[in-house]
Amino acid sequence: MADFFEEVVMATFKLNGAEIYYEDYGPKDAPAIVLSPLIFTNTSVYEPIVRMLEDHYRVIAYDHRGSGKSTRASSSSIENSAKDVAELIEKLDIGPCHFFGNCLGAFIGLNLAITRPDLLKSCILAGPNAEADDELTVKKMDAFLDYAKLQGMKESAKAFTDMWFGSTFRATQDPVQVMRREKWTRHLAKMSPEEIESARQMFHRKDVTKELSKIHCDVLVMCGDEDSPESIEACRKVAKAIPGAELRVIHHAGYALAIEQPEEVAEDIKLFVGKVERQRKQRARQPAKIGRAHV
């Protein structure tokens with residue numbers, strides 16, 4: 001855990017009529033990592049990852065608009081959610097920083113890397129997809145969200161987690177994993193209409209395929225080997241299209257990597273961020289190249 005004397009900040013900041021909740025852990029002079037939650041979750045989803053990172057990094061986790069302790073989900077979009085993160089980074093004066101996002105957080109991170117590269121040293125994306133969903137998928141998800149807002153998610157929670165989690169996590173009897181699985185299944189069943197609505201932005205996202213080549217921060221793409229073939233292929237396409245991006249496949253995990261395999265995800269974040277930090281320091285120590293004077 002963080003040093004006894006290191007204060008953990010839990011606060012909100014106002015942005016365009018909303019209050020965005022965030023938690024700030026670890027040494028305030030250490031390299032910063034921003035954690036962006038999955039669809040239908042909140043900062044607590046990152047508790048195991050924060051514990052593994054906070055001794056050596058400043059770790060900021062936040063709630064999306066309309067989720068957790070943040071307010072206002074109306075008219076949410078991936079673009080506006082990325083602006084929220086950009087404002088948070090600027091308010092805390094931690095840019096350029098490192099970013100990790102899973103699920104909805106990955107889509108937001110992808111947009112942030114495209115639109116505000118000045119704020120990022122690296123971007124770690126778990127389950128990104130640069131393509132827009134097809135019209136039929138959007139219609140189905142809109143109908144699902146409309147129904148869920150009226151009737152609640154209780155009867156749909158298990159069906160959703162069956163898509164979210166890989167077969168290993170769904171079947172495990174490990175007490176810690178069972179606790180995690182049950183926690184989020186219960187959470188889904190009790191969500192408010194506002195929390196459900198905040199997910200709509202994910203299915204109405206724009207296609208950013210042609211923008212991927214413009215990303216020049218260090219990028220690590222993650223996917224679970226038990227995710228759907230379509231999702232795995234989407235991750236591979238993103239990693240291939242971004243210059244210098246790396247791909248990491250997490251075993252025994254589906255789409256919700258941060259829930260299913262938080263320890264392995266945290267270790268990969270530490271390794272990747274550590275490598276990026278070392279490379280940046282090495283480049284900073286290199287003497288500037290001086291052009292030969294013309295006689």
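Colleague: Where is the place of phenylalanine 40?
Modeller: This is a predicted model, where local features need pLDDT of at least 70, side-chain atom pairs count only at pLDDT 80 or more, and totals for chains, interfaces and linings use all residues. Residues are numbered from 1 along each chain as its sequence is written, and side-chain values use heavy atoms, with hydrogens and water left out. Helices (H or I, at least four residues) and strands (E, at least two) are DSSP runs, numbered from the N terminus. Phenylalanine 40 sits in the loop between strand 3 (32-36) and helix 1 (47-53).

Colleague: Is phenylalanine 40 buried or exposed?
Modeller: Buried means under 20% relative accessible area, exposed over 50%, and partly exposed in between (1.4 Å probe, protein chains only). Phenylalanine 40 has a relative accessible area of 4%, so the residue is buried.

Colleague: What is the phi of phenylalanine 40?
Modeller: Phenylalanine 40 is not a glycine. Still, its phi is positive, at about 65 degrees.

Colleague: Is histidine 252 buried or partly exposed?
Modeller: Histidine 252 lies in the loop between strand 8 (246-250) and helix 11 (257-260). Its phi is also a positive value, near 60 degrees. The relative accessible area of histidine 252 is 46%, so the residue is partly exposed.

Colleague: Which residues does threonine 71 contact, leaving aside its neighbours within four places in sequence?
Modeller: Threonine 71 is found in the loop between strand 4 (58-62) and helix 2 (78-92). Contact means heavy atoms within 4.5 Å. On that basis, threonine 71 is in contact with Ala18, Glu19, Arg65, Gly66 and Glu194.

Colleague: How far apart in space are threonine 71 and isoleucine 20, C-alpha to C-alpha?
Modeller: In sequence, threonine 71 and isoleucine 20 are 51 residues apart. In space, the C-alpha to C-alpha value is 6.7 Å.

Colleague: Which peptide bond is cis, with omega near -5 degrees?
Modeller: Look at the loop between helix 2 and strand 5 (97-102), where proline 96 is found. The cis bond runs from glycine 95 to proline 96.

Colleague: Which residues touch the most other members of the largest nonpolar core?
Modeller: A nonpolar core is a set of buried Ala, Val, Leu, Ile, Met, Phe, Trp, Tyr and Cys residues joined through side-chain atoms within 4.5 Å. The largest one holds 94 residues. Helix 3 (residues 104-115) gives the most to this core, with eight residues. The residues touching the most other members are Ile39, Phe100 and Trp164.
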